[in-house]
Amino acid sequence: MAGGGFSTSGDGGTHFEAKITPIVIISCIMAATGGLMFGYDVGVSGGVTSMDPFLQKFFPVVYKRTKDPGINSNYCKYDNQGLQLFTSSLYLAGLTSTFFASYTTRKLGRRLTMLIAGCFFLVGVVLNAAAQDLAMLIIGRILLGCGVGFANQAVPLFLSEIAPTRIRGGLNILFQLNVTIGILFANLVNYGTAKIKGGWGWRLSLGLAGLPALLLTLGAIFVVETPNSLIERGYLEEGKKVLRKIRGTDNIEPEFLELVEASRIAKEVKHPFRNLLKRKNRPQLIISVALQIFQQFTGINAIMFYAPVLFSTLGFGSSAALYSAVITGAVNVLSTVVSVYSVDKLGRRFLLLEAGVQMLISQIVIAIILGIKVTDHSDNLSHGWGIFVVVMICTYVSAFAWSWGPLGWLIPSETFPLETRSAGQSVTVCVNLLFTFVMAQAFLSMLCHFKFGIFLFFSGWIFIMSLFVFFLLPETKNVPIEEMTEKVWKQHWLWKTFMVDDDDDVHVDVVKKNGHSNGFDNVAL
């Protein structure tokens, strides 16, 4: 598996003897620092772009516009491609670096790839905190994006391989939980640094990203490599030694033999991306790509990136805007916890469909309020209505946090078969970062042109994606990965028609024409 999500094991899978050892606890800390780093980078940009000293230094045109609302529409105060590039450059860099990270993860190991990510983060933080011009600022964000690409590729893979089977699923959403904590931490930091006199608070906000970056780097130095990676690269004895250490038992032979066999099978697949396009693998590919696109078109990242800017646009003061962003960040964290406890009880489909209704209603209500109360050149959003808008946004964020947030990653990670899992997850993370970049680059311009209609735009997409879930997404709760084809795909009203291998199609044609088998029908192409 590559980047962005975690492998999971169903209840019916094989369970090997394993204890929760100190090295597993350290790996959980690794998850926290990797998630915190990514979340902090997401959350910090919206806060600093609403700070006057930051705008004065790097985006003076935007600053003048915010101080002279009579010239431009309230909704267009922050419409600036350079300002949006500051945020979105990170995700474009992450998308590009994912391809390189896939290679290093496979050839150099998970641990070294995490170390590379930490180094990218540290250098990017230094450039951002010390930035003297826009070019230096953007270069710093690009380096942070490279860190995101390498970390999102290596950290989830590291955790899925280091963790005992019984806690692997929990670690999946734990990573997403730590992303939300990182966003909340960034919002709290921004709220505090915005009050600093002297105009250097934004530097502290950007510089404090160095804390999780340093923890990730140090963690990568001191943890062991995963046994999977060692075995994959031919270090069998060392792999067995590490497996014994992390499992805390001498009875590791069954798991070791399965890892060796899995590595052998994986090496036999010479063209995983070509296999991904085979007919029998298209349902997983379609659903994984669709989930990533839909996840971004819920509008969540647009709101989390630019929460302070959005609240400023709606008439909140700078301090109130940052405070409101803190509230939405806290709701994001708490609601993700709900998903940890409910995803294996209520199921994936229930959470996604319930959240669809909740998000749809809240988005429409927000659009109606803003359409009536906030116009181009006047702001009639009273204190009471302002609080109500924040409550509605929190209602929307909470629904996303227990559904499309974690499940957008969880479902792809548990549906691809072994031979295409790495390629499938690479495609998943690339599509996600691509559309994250698109949304980050376009949101403020969309807000300017659509005005309150931006929320109707997102609600329309939520309606479409809910229909997609209802008709096309099968339930994968408590189904072992190795049994997905038989228990899920072959039982679905549409996807079962795809569950015939391309080679089987050839076999059928040969039998029809010749009336016999040539003996080579089942040889994989």
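Let me start with Trp404. Leaving aside neighbours within four places in sequence, Trp404 is in contact with Leu291, Phe294, Gln295, Thr298, Leu352, Met359, Met465 and Val469. Keep in mind that this is a predicted model.

Now the protein as a whole. The secondary structure comes to 24 helices and 0 strands. There are 525 residues, and 58% of them count as buried. On contacts: take those with a separation of 6 or more, and 81% of them are between residues 24 or more positions apart.

Next, two helix pairs. Helix 1 covers residues 22-48, and its axis and that of helix 4 come within 10 Å and cross at roughly 165°. The cut-off for roughly antiparallel is over 145 degrees, so helix 1 is roughly antiparallel to helix 4. The crossing of these two, helix 1 and helix 4, is left-handed.

Which residues meet there? From helix 1 there are Phe38, Asp41, Val42, Ser45 and Val48, and from helix 4 there are Phe86, Thr87, Leu90 and Tyr91. Sorted by class, the contact of helix 1 with helix 4 has 6 nonpolar, 2 polar and 1 charged residues.

Ser88 lies in helix 4, which runs over residues 81-107. Is Ser88 buried or exposed? Ser88 has a relative accessible area of 0%, so it is buried. Not counting residues up to four places away in sequence, Ser88 touches Phe437, Ala440 and Gln441.

Leu92 is also placed in helix 4. Leu92 has a relative accessible area of 37%, so it counts as partly exposed. From C-alpha to C-alpha, Leu92 is 8.9 Å from Cys146, although the two are 54 residues apart in sequence.

The other pair is helix 5, residues 110-129, with helix 9, residues 210-222. They pack at an angle of about 155°, and their axes are 8 Å apart. Helix 5 and helix 9 are therefore roughly antiparallel to each other. The crossing of helix 5 and helix 9 is left-handed.

On the helix 5 side, the residues in contact are Arg111, Met114, Leu115, Gly118, Cys119, Phe121, Leu122 and Val125; on the helix 9 side, they are Gly210, Ala213, Leu214, Leu216, Thr217, Ala220 and Ile221. By class, this contact between helix 5 and helix 9 has 11 nonpolar, 3 polar and 1 charged residues.

Last, a backbone detail. Which residue has a positive phi although it is not a glycine? That is Lys451, with a phi of about 55°. Where does Lys451 lie? Lys451 is in the loop between helix 21, residues 418-450, and helix 22, residues 453-472. With a relative accessible area of 23%, Lys451 is partly exposed.

To recap, the protein has 24 helices and 0 strands. Helix 1 is roughly antiparallel to helix 4, and helix 5 is roughly antiparallel to helix 9.

Definitions and conventions: Residues are numbered from 1 along each chain as its sequence is written. This is a predicted model: local features need pLDDT of at least 70, side-chain atom pairs count only at pLDDT 80 or more; totals for chains, interfaces and linings use all residues. Side-chain values use heavy atoms; hydrogens and water are left out. Axes are lines fitted to C-alpha atoms, for helices over the stretch in contact, and angles run from 0 to 180 degrees between N-to-C directions. Helices (H or I, at least four residues) and strands (E, at least two) are DSSP runs, numbered from the N terminus. Angles under 35 degrees count as roughly parallel, over 145 as roughly antiparallel, 65 to 115 as roughly perpendicular and the rest as oblique. A crossing is left-handed if the near helix is turned anticlockwise from the far one by less than a right angle, and right-handed if clockwise. Contact means heavy atoms within 4.5 Å. Ala, Val, Leu, Ile, Met, Phe, Trp, Tyr, Cys and Pro count as nonpolar, Asp, Glu, Lys and Arg as charged, and the others, Gly among them, as polar. Buried means under 20% relative accessible area, exposed over 50%, partly exposed in between (1.4 Å probe, protein chains only).
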